Every structure is written in C-alpha cells, then in structure tokens.
Amino acid sequence: MPPSLPDDPESTASDIDRVYAEAKEAISPFVFNHQVAQVFDDMIARSVPGYALCHEVLALITNRYAQPGSVLFDLGCSSGTSTNVLANSSPTNCKVIGIDNSQPMIDRCQVTLHDLIENDRITLRCQDIGDTDLTGASIIVLNYTLQFLPLAIRDQLMTRIYQSLLPGGIVFIAEKVTNPEHAQQQAINDLHLDFKRQQGYSELEIAQKRSALEAVLIPETETAHHQRLTQCGFEIPQTLTRALNFIAFMGQKPRSNSKPASYQSGLGSR
Ligand SMILES: C[S@@+](CC[C@H](N)C(=O)[O-])C[C@H]1O[C@@H](n2cnc3c(N)ncnc32)[C@H](O)[C@@H]1O
C-alpha cells in the first residue's frame, strides 16, 4: 500500500518519508540529516504509535505544572512538535527553549515555529544537550531523544536535569522500550511491525531503517527508566501513556525535602 498524504492540506509529496524506499547498497547508521529533516513529521507519525497521544498528555502536564516566569526546555526538539505544545500550554511569561544538535532539524523547526519565534515565545539553539545550561527550568522534555544518547551518559544527564529543575519541576520523557521477557518482546515487536505496514511502509523500508537504527537507537526497559528517575531523587516516576513499545513517563522534583512523596499540584504556584 503506498503512503497517502497526511491530512495537512499544506503537505506535499516531498514531505512524505521515502528515505529507505529504494534498495541501498550499504546501510549507514541513521542520522538526523537534511533528508530526514525534510520528511521528519511524516516519518515519526508513521513510525511511533501513540505519538499524538504523547503530545496531548504533554499539554495537560504543561498546563498544570509550568511555573510562571520559568524556563521550559525541549531537548532534542527536531521539528518542534513538543516545543509548540510547551509554548501553547504554558503561561506567556515562560521562556520556551528548543535544543537540537542537528542543524537541518533546527532549520526545519525554524520554519514550523516561525510565528512563535518571531513573537519571542520560543528560542531555538543548535547545541548538544550536554552543553546546555538547564538552570531555572520548571519542565524539561526529552521526547524520543534519550534513546539516541550513549547509555553511559544517561545517568549523568538525568542527575543534571534533577539538579537544574526548580522545586516541583517536572521531567517528561517519551521512549521506545524493551521488554525483558523474550516472548512478550517478540509479540510487541511484531505488532510494531504491523503498525508500520499499516502506515504504508514496505518490507524493504522497514528492514533498511531497522538496520540503520540498530546501533543508534538503544532502548531500555520501563523499569530501568523508572529506577533511574527514583535514584536521581524524582518522586513517584509514573508512566502516563503507552502504545505498544512506546511509553511516556514523568517524574517530579519534590517541592521541599520535608513533604511526603506524592505528586503536588502546580496550580498553587500560579
Ligand atoms: C526522535 S527525534 C526527537 C523527536 C521530537 N522530540 C518530537 O517529539 O517530535 C531525536 C532528536 O534528538 C536530537 N539529538 C540527538 N542527540 C542529541 C544531542 N546529544 N544533543 C542535542 N540533540 C540531540 C536529534 O538531532 C533529533 O532531532
């Protein structure tokens, strides 16, 4: 089944993901280059089950927990879908900053979020997450980005996120996850393949992209993610959305050391 154009009336055939449609002699590791940036919105919507739901929930979280006058970071902002949600769901005196180390993705994002950037609602930076000062944040988002960072630096990054967040601040993360039970992993993986077929990807596209992502996208288990947040000091890490092997979860930095471990409403701070 050939891919159909998305509902967006402004989308064109050149926005459709055909990156792996033709047979390649050798498959290079996946990179967020110009070719990917051009079709990124189509690629992620057709590859990640629950992508839209994750952003619906991010809007609810932002609306409730964004602290007036604070900074909201979207780390690995790509074309700006999460950045847009942060800007549209937070108090107008919040500063929204999108970070990505791919210049083609930042260029794409600049086009998508043009009006919000012009109005000083959003700032974009082409920068490595490791070099980003996160001080003063009330929300830090890592949507489908942590999985692309080396395993060895994930603990350190999450500790820095915890230290940088304001009291009561939120880390919101979406990831592909693996299941430690082989049979369950196999079943969920098969369903993910069915999802991609249903989205119009051919067997060749699926196989070539999988090979390109093999050493680049390193998923962890849901338990490992929750444990990491707990070890950093976040209260009650909780999975908020799940679609096949993709989840979104959050953790909250305690407002003070003395309060019991429970989610605390951001409404009181408005
Ligand atoms: C799967 S995309 C993120 C999708 C996006 N958050 C969304 O919700 O649509 C991952 C992004 O992370 C960026 N990225 C990967 N490693 C990075 C790093 N070390 N520093 C900054 N950005 C990084 C990539 O360039 C890519 O645009």
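Author: A polar contact is a pair of N or O atoms within 3.5 Å; within protein, one must be able to donate a hydrogen and the other to accept it, and residues adjacent in sequence count only if both atoms are side-chain atoms. This is a predicted model: local features need pLDDT of at least 70, side-chain atom pairs count only at pLDDT 80 or more, and totals for chains, interfaces and linings use all residues. Residues are numbered from 1 along each chain as its sequence is written, and side-chain values use heavy atoms, with hydrogens and water left out.

Reader: How far is a nitrogen atom of the ligand from a polar backbone atom of glycine 76?
Author: The ligand is surrounded by 20 residues, and Gly76 is listed among the closest. Being near a molecule or strand takes one heavy atom within 4 Å of it. From the ligand nitrogen to the polar backbone atom of glycine 76, the distance is 2.9 Å.

Reader: Which residue has an N or O atom in its side chain 2.5 Å from an oxygen atom of the ligand?
Author: Aspartate 100 places a polar side-chain atom 2.6 Å from a ligand oxygen. The 2.5 Å distance belongs to the side chain of tyrosine 51.

Reader: What average pLDDT does the chain have?
Author: pLDDT is the predictor's confidence in each residue, from 0 to 100. Of the residues, 90% score at least 70, and the chain average is 92.

Reader: Over which residues is the pLDDT below 50 while the stretch has 14 contacts in the model?
Author: A contact means heavy atoms within 4.5 Å. Residues 1-7 also fall below 50, but that stretch has 13 contacts beyond near neighbours in sequence. The stretch with 14 is residues 266-270.

Reader: How many of the 14 residues of strand E5 are buried?
Author: Helices (H or I, at least four residues) and strands (E, at least two) are DSSP runs, numbered from the N terminus. Buried means under 20% relative accessible area, exposed over 50%, and partly exposed in between (1.4 Å probe, protein chains only). E5 spans residues 165-178 and is mostly covered; its buried residues number ten.

Reader: Which strand do seven bridges join to E5?
Author: Two strands pair if DSSP finds at least two bridges between them. Six bridges join E4 to E5 in parallel, so those two strands count as paired. With seven bridges, E5 runs antiparallel to its partner, strand E8.

Reader: Which residues of helix H3 are buried?
Author: H3 covers residues 81-88. Among the elements covering its buried residues are helix H2 (51-65), strand E1 (71-75) and strand E4 (137-143). The buried ones are Ser82, Thr83, Val85, Leu86 and Ala87.

Reader: Which residues does asparagine 189 touch?
Author: Asparagine 189 lies in helix H7, residues 182-198. This asparagine counts as buried because its relative accessible area is 19%. Not counting residues up to four places away in sequence, asparagine 189 touches Arg210 and Asn245.

Reader: Is aspartate 120 buried or exposed?
Author: Aspartate 120 sits in the loop between H5 and E3. Its phi is positive, about 60 degrees, although it is not a glycine. With 71% relative accessibility, aspartate 120 is exposed.

Reader: What is the relative accessible area of isoleucine 236?
Author: Isoleucine 236 belongs to strand E7, residues 235-243. Its phi is positive too, about 30 degrees, although it is not a glycine. Isoleucine 236 is partly exposed, at 39%.
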